[in-house]
Amino acid sequence: MAMAAGDIEAMIRAALPDAQVTITDLAGDGDHYAAHVVSPAFAGLSRVAQHKAVYAALGGRMGGVLHALQLTTAAPK
Amino acid sequence: MSTEQRIDEIVKGNDVVLFMKGTPLFPQCGFSSRAVAILERLGVEYASVDVLQDMEIRQGIKGYSDWPTIPQLYVKGEFVGGSDIMMEMFEAGELAELMEEAQVKPA
């Protein structure tokens, strides 16, 4: 069971409307993605807190239908 | 003993512990493999727990840290992150700093 890149991006944007989201399909198989999320909401948050915010946006799919999502996060410079 | 107590004992009983799929010699997942490679490069002594051998820990560790995926790294009882955070911190030199501050033994 996999997710489309567009669905991942839409879910992140729904929770973090001002985020810049870049999704890369790593293996071209619609199952292994890298996501880079940049949001002003991340300012002052630890990396763990930033990643948790994205996982929350994905509503429990992380570790479930979304097994392989490499995630990097940042606040805008 | 509850699963949470068992996890708590492992986390607090080891300076550095990695919850992973498989073992350092035979990782069963690319993310776990990456986490092991980072710890090997840092050259620190660490314990590992193969969650595939223990379904209670496999589920329990996710609630323990409120983190949905495995691997998970703990240093001195504190949750540090998964393999993506480990890689970011390693590349920034922050993971080596953290190990130094925590006075972790070399391997």
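Ala10(A) is found in helix H1 (residues 5–15) of chain A, where helices (H or I, at least four residues) and strands (E, at least two) are DSSP runs numbered from the N terminus. The model is a predicted one, in which local features need pLDDT of at least 70, side-chain atom pairs count only at pLDDT 80 or more, and totals for chains, interfaces and linings use all residues. Residues are numbered from 1 along each chain as its sequence is written, and chains are lettered from A and ligands numbered from 1 in the order in which they are written.

Ala10(A) counts as exposed because it has 12 C-beta neighbours inside 10 Å. A residue is buried if 20 or more other C-beta atoms lie within 10 Å of its own, exposed if 12 or fewer, and partly exposed in between, with C-beta atoms placed from the backbone. Ala10(A) and Val21(A) are 11 residues apart in sequence, and their C-alpha atoms are 9.1 Å apart in space.

The secondary structure of chain A consists of two helices and three strands, in the order α-β-β-α-β from the N terminus. Its radius of gyration is 12 Å, close to the 11 Å that the globule rule gives for 77 residues, so chain A is as compact as a globular protein of that length. The radius is taken over C-alpha atoms, and the rule is 2.2 Å times the number of residues to the power 0.38. Of the 77 residues of chain A, 27% count as buried.

The strands of chain A form an open sheet with the order E1-E2-E3 and mixed pairing; two strands pair if DSSP finds at least two bridges between them. Strand E1 (20–25) and strand E3 (68–74) of chain A are the edge strands, each pairing on one side only. From one strand to the next the twist averages 15°. Strand E2 (residues 32–38) of chain A pairs with E3(A) in the parallel sense over seven bridges, and Val37(A) has Thr73(A) in E3(A) as its bridge partner. H1(A) lies across E1 and E2 of chain A and runs at about 160° to E1(A). Angles run from 0 to 180 degrees between N-to-C directions, and axes are lines fitted to C-alpha atoms, for helices over the stretch in contact.

Chain B has five helices and four strands, which follow the pattern α-β-α-β-α-β-β-α-α along the sequence. Of its 107 residues, 38% count as buried.

Within chain B, helix H1 (residues 3–13) and helix H3 (residues 55–65) pack at an angle of about 80°, with their axes 9 Å apart. H1(B) and H3(B) are therefore roughly perpendicular to each other, a label for angles of 65 to 115 degrees; under 35 counts as roughly parallel, over 145 as roughly antiparallel and the rest as oblique. Thr3(B), Glu4(B), Arg6(B) and Ile7(B) in H1(B) meet Glu56(B), Ile57(B), Gly60(B), Ile61(B) and Tyr64(B) in H3(B). These contact residues divide into four nonpolar, two polar and three charged. Ala, Val, Leu, Ile, Met, Phe, Trp, Tyr, Cys and Pro count as nonpolar, Asp, Glu, Lys and Arg as charged, and the others, Gly among them, as polar.

Between the chains, nine residues of chain B are in contact with 10 residues of chain A, contact requiring C-beta atoms, placed from the backbone, to lie within 7 Å. On the chain B side, strand E4 (78–81) and helix H4 (83–91) are the elements that give two or more residues. H4(B) gives the most, with three residues.

Conventions:
Two residues are in contact if their C-beta atoms, placed from the backbone, lie within 7 Å.
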